Amino acid sequence: MPKRTNEFQRLIYLIQSQLAGEADVSESDLLEDRQTGELVEVDIVIRSKVSNIQLIIGIECTARSRPATVEWVREMVAKHISLPVDKTV
């Protein structure tokens, strides 16, 4: 497991890898922030081509005992807004 992972994230990675078909699935991937140029860790990244168009999906995982809060979801949306992702899950 990559250093920045946990068991729940690893489980989601394995599930997505099985469902992804020919798409590339990576765990704890670093994507470049378009505004700052800094590398930002995304729990799971799925890359695929559809009709010769590259699509990138970023997935964030939370392994908390309670459901994710609205604040956590807003933090994840803000985190992904300047990353090169087409969809955040």
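This is a predicted model: local features need pLDDT of at least 70, side-chain atom pairs count only at pLDDT 80 or more; totals for chains, interfaces and linings use all residues.
Close-up 1. N52 lies in the loop that joins β2 and β3, and its phi is near 65°, a positive value in a residue other than glycine. S51 is placed in the loop between β2 (39-50) and β3 (53-59) as well. Although S51 is not a glycine, its phi is positive, at about 50°. S51 counts as exposed because its relative accessibility, 69%, is over 50%.

**Close-up 2. The largest nonpolar core.** Nine residues make up this core: I12, Y13, A20, A23, V25, I44, I46, I59 and C61. The elements that contribute two or more residues to it are α1 and β2. A second, separate core has seven residues, among them V40, V42, I56 and V85.

**Close-up 3. The surroundings of I59.** I59 is a member of the largest nonpolar core. With its neighbours within four places in sequence left aside, I59 is in contact with I12, Q16, V42, D43, I44, I46 and V89.

**Close-up 4. A nonpolar patch on the surface.** The side chains shown are those of F8, L11, I15 and L19, which form a nonpolar surface patch. Together these residues have about 380 Å² of accessible area. L19 is part of helix α1, which spans residues 7-19. With a relative accessible area of 65%, L19 is exposed.

How values were computed
Residues are numbered from 1 along each chain as its sequence is written. Side-chain values use heavy atoms; hydrogens and water are left out. Patches are made of residues with over 30% relative accessible area and no salt bridge: like charges are joined within 9 Å, nonpolar side chains (Val, Leu, Ile, Met, Phe, Trp, Tyr) within 5 Å. Accessible areas come from the Shrake-Rupley method with a 1.4 Å probe; for residues, only the protein chains shown count as cover. A salt bridge is a side-chain nitrogen of Lys or Arg within 4 Å of a carboxyl oxygen of Asp or Glu. Helices (H or I, at least four residues) and strands (E, at least two) are DSSP runs, numbered from the N terminus. Buried means under 20% relative accessible area, exposed over 50%, partly exposed in between (1.4 Å probe, protein chains only). A nonpolar core is a set of buried Ala, Val, Leu, Ile, Met, Phe, Trp, Tyr and Cys residues joined through side-chain atoms within 4.5 Å. Contact means heavy atoms within 4.5 Å.
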